Amino acid sequence: MTANQSSHTAHAGKRIEQLRKLIAYHRTLYYTFDAPELSDAAFDSLVHELEALEKQFPQYAHAHSPTQTVGAAPLEEFQKAPHETPMLSFTDAFSPQELSEWLTRAENYTHQKLSTQENKTPLFYCELKIDGLAIELIYEKGILIQALTRGDGYIGEDVTVQVRTIADIPQQLEQLGSWPVPPKVIIRGEVYLTKDMLSRINAQQQKEGKKPYANTRNLAAGSLRQLDPTITASRKLLSFQYDIASTLPFTVATHEQYHQVLASWGCTVNPHNRTAKALKDVYALRDAWEKKRDKLAYEIDGLVVLLNNNELFTRAGVVGRAPRGAIAYKFKALEATTIVRGVRVQVGRTGVLTPVAELDPVLVGGVTITNATLHNFDEIKRLDVRMGDTVVVTRSGDVIPKITHVLTQLRTGKEKAIPIPTKCPIDGSLVVADGVFLKCSNKRCGARNRNSIIHFVSRAAFDIRGLGKKIVDRFLDEGLIGDAGDIFFLTQGDIENLERFGEKSATNLIQEISDAEKITLDKFIYALGIPHVGEETARTLAKKIQHDAKKLSVPEIMRVLQSYSLEILQELPDVGPKVAQSIYEWVRDTHNQILIRKLTEAHIALTQKSQKTGGVLKGKIICITGTLSNFSRAHAKTLIEEAGGTFHASVTGKVNIVIAGDNPGSKLNQAKDLGIEVWNEQMFIQKLGL
Ligand SMILES: [Zn+2]
């Protein structure tokens with residue numbers, strides 16, 4: 001083992017230890033006090049990291065790790081009772097891939113190829129995963145004699161009195177079908193509370209100046225674990241029953257049948273549960289419920305998928321704290337934990353400086369997130385976030401992800417404070433305070449920066465049509481981009497969650513940006529927005545640079561441009577002293593170097609004048625009438641000539657093609673009279689492959 005590896009291992013050991021403590025702490029808050037500080041998703045994210053580290057560094061594995069135990073110790077106030085068989089929990093899956101890996105594992109343990117059994121008994125039983133708390137109900141001679149919470153999975157709390165207030169739980173089982181009620185039976189289910197009840201109770205809490213409950217599950221748990229059962233009764237708890245945990249005097253072949261048996265005894269079973277023949281049906285069912293979950297009166301957070309065949313389920317066995325024959329296939333989590341690597345400062349339209357955190361890539365709600373907004377420098381102070389910190393990132397509604405928590409317990413001492421800028425990153429002007437915001441003291445800075453981005457993506461420049469003015473403003477306001485160079489570093493995940501940006505339009509824009517990375521030299525120079533350098537001058541400069549540069553790359557182009565003296569620049573056609581001075585200064589301005597560096601890193605591929613057009617108009621005589629929206633007359637003439645055509649000012653019998661722009665004059669009628677082919681501007685663009 002090298003020194004580097006061993007320090008890496010020691011670092012992992014320390015992190016594992018910190019994670020275990022933190023998880024145990026949050027688990028106690030969650031299970032014992034029903035008062036979580038972290039969302040399930042953020043908590044799961046920590047457990048996932050710990051599991052991955054324990055797998056990678058097995059020397060640190062430990063039987064008392066929170067990854068090996070369920071729940072937390074029961075509260076002192078309640079009578080304790082052991083479970084006859086442990087109440088396990090489920091492993092989570094978040095993607096089709098994880099689900100298919102689960103099936104492969106189940107195949108390995110049952111020694112049976114399961115995925116090919118599609119046409120016999122349905123392979124899976126899928127249940128809505130209700131966000132409540134698990135309950136165990138013990139019936140003797142059909143009478144409910146005891147109800148226990150899960151507790152730590154082995155010992156639960158006796159909540160029999162409280163459970164008697166729940167209408168969905170039968171006090172007495174009855175034989176309504178062909179299955180007899182055995183002398184003793186242990187039934188398991190979920191106790192939950194409606195969303196409506198949560199908002200009613202929280203409204204009351206607020207009125208009384210008390211803290212609102214975090215979610216329906218915690219309120220359900222809190223309501224059940226009331227020493228005074230009249231409080232429990234007032235909360236109108238509900239329940240579904242879904243499993244039988246004791247042996248039966250008759251054979252039950254499938255999990256689906258368990259539900260039928262339960263229903264025949266008068267239990268409450270969820271009517272939305274379904275069998276599924278193949279994994280693809282499970283994916284579809286989960287996706288459908290993710291969309292319509294809001295329509296349910298209660299919260300669900302995914303599906304529980306079980307091997308329907310009970311014999312296979314048993315044969316798959318148990319791993320750690322979870323049965324191998326079942327998995328919780330959860331909806332996309334909108335929170336996760338990750339590490340802040342750096343913070344960059346971006347200048348918005350109005351000159352406001354927005355700090356944006358650069359994160360280790362993390363999957364949040366199905367998309368990879370690398371940036372999160374920190375809003376302003378007061379927020380950094382309030383959160384006390386530092387570079388190197390582990391943080392909770394949240395995606396909610398229609399805004400870019402934000403940092404909501406800093407997990408200070410995971411600090412190593414190497415975290416660095418985030419510096420507060422004193423100078424504007426765009427133009428170097430001093431920064432001034434404006435309420436909680438910092439602003440560039442140059443009032444024109446933000447607007448100028450915005451205009452230069454809009455110029456950069458305009459048709460004659462990089463031509464990124466998906467980036468209209470409104471979108472540029474949105475990206476600036478959200479801190480997704482600070483200058484034109486940032487455009488090339490946007491990811492699908494960065495933009496997918498913005499309002500009016502679905503997955504598809506995000507994909508399209510990312511594709512369009514990637515296509516734009518290939519650009520002709522003249523358009524590139526025009527895009528830079530050097531004052532007084534229009535399309536014509538950019539073309540002139542491009543010709544000269546092409547001649548002098550060793551290769552076409554961004555740094556080489558800049559080297560050549562910087563090598564030009566004012567005299568050399570002035571020798572170029574149409575370049576007067578004013579334009580020469582402007583170019584000379586632009587390439588030497590240190591703030592422009594930031595943009596150049598980003599464009600270099602973005603691997604912009606510069607090309608010579610478009611080879612694509614070569615020859616497509618060979619031998620054709622072409623005339624233009626009206627105004628073209630994408631090209632000046634001179635530019636269009638150049639394009640025609642580059643494509644091998646000849647430009648003709650008036651329509652005569654020799655002309656082969658007339659290109660008609662807006663407000664075409666008499667030339668269009670002449671062309672029609674002479675039977676000459678007419679193209680609109682779009683056809684011209686298409687034919688030339690522009
Ligand atoms: Zn500024």
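## Basis of the description

Two strands are said to pair if DSSP finds at least two bridges between them. The model described here is predicted.

## Division of the chain

The chain is divided into five parts: domain 1 (3–69), domain 2 (81–330), domain 3 (334–515), domain 4 (518–609) and domain 5 (612–687). Taken over C-alpha atoms, the centres of domain 1 and domain 2 are separated by 26 Å.

Strands of a sheet pair through backbone hydrogen bonds, in either a parallel or an antiparallel manner. An open sheet of four strands has the order S5-S4-S7-S8, with antiparallel pairing. Its edge strands are S5 (143–149) and S8 (238–244), each of which pairs on one side only. From one strand to the next, the twist averages 30 degrees.

Within this sheet, strand S7 (residues 184–192) pairs with S8 in the antiparallel sense over six bridges. Arg188 has Asp243 in S8 as its bridge partner. Helix H8 (residues 255–264) packs on the sheet and touches S7 and S8, and its direction makes about 125 degrees with that of S8.

## The contact of H3 and H9

Two packed helices are described by the angle between their axes and the distance between the axes. For helix H3 (residues 96–110) and helix H9 (residues 279–292), the axes come within 11 Å and cross at roughly 140 degrees. H3 is therefore oblique to H9, and the crossing is right-handed.

On the H3 side, the contact is made by Pro96, Leu99, Ser100 and Leu103; on the H9 side, by Leu279, Val282 and Tyr283. Of these residues, six are nonpolar, one is polar and none is charged.

## Strand pairing around S20

Strand S20 (residues 437–440) pairs with strand S15 (residues 352–364) in the antiparallel sense over two bridges. Here Val352 has Lys439 in S20 as its bridge partner.

S20 also pairs with strand S19 (residues 431–434), in the antiparallel sense and over four bridges. The bridge partner of Ala433 in S20 is Leu438. S19 and S20 form a hairpin with two residues between the strands, in which Gly435 takes a positive phi near 65 degrees.

## The contact of H12 and H13

Helix H12 (residues 445–456) packs with helix H13 (residues 469–478) at an angle of about 130 degrees, the axes being 10 Å apart. The two helices H12 and H13 are therefore oblique to each other, and their crossing is right-handed.

In this pair, Arg450, Ile453 and Ile454 of H12 meet Lys469, Val472 and Leu476 of H13. The contact residues divide into four nonpolar, no polar and two charged.

Strand S23 (residues 621–625) and strand S25 (residues 657–660) run parallel and are joined by four bridges. Ile624 has Ile659 in S25 as its bridge partner.

Terms used:
Residues numbered from 1 in each chain as written. Predicted model: local features only at pLDDT ≥ 70, side-chain atom pairs only at ≥ 80, totals over all residues. Domains from an automatic or database assignment. Axes fitted to C-alpha atoms, helices over the stretch in contact; angles between N-to-C directions. Parallel < 35°, antiparallel > 145°, perpendicular 65-115°, else oblique. Left-handed = near helix turned anticlockwise from the far one by under 90°. Contact = placed C-beta atoms within 7 Å. Nonpolar A, V, L, I, M, F, W, Y, C, P; charged D, E, K, R; others polar.
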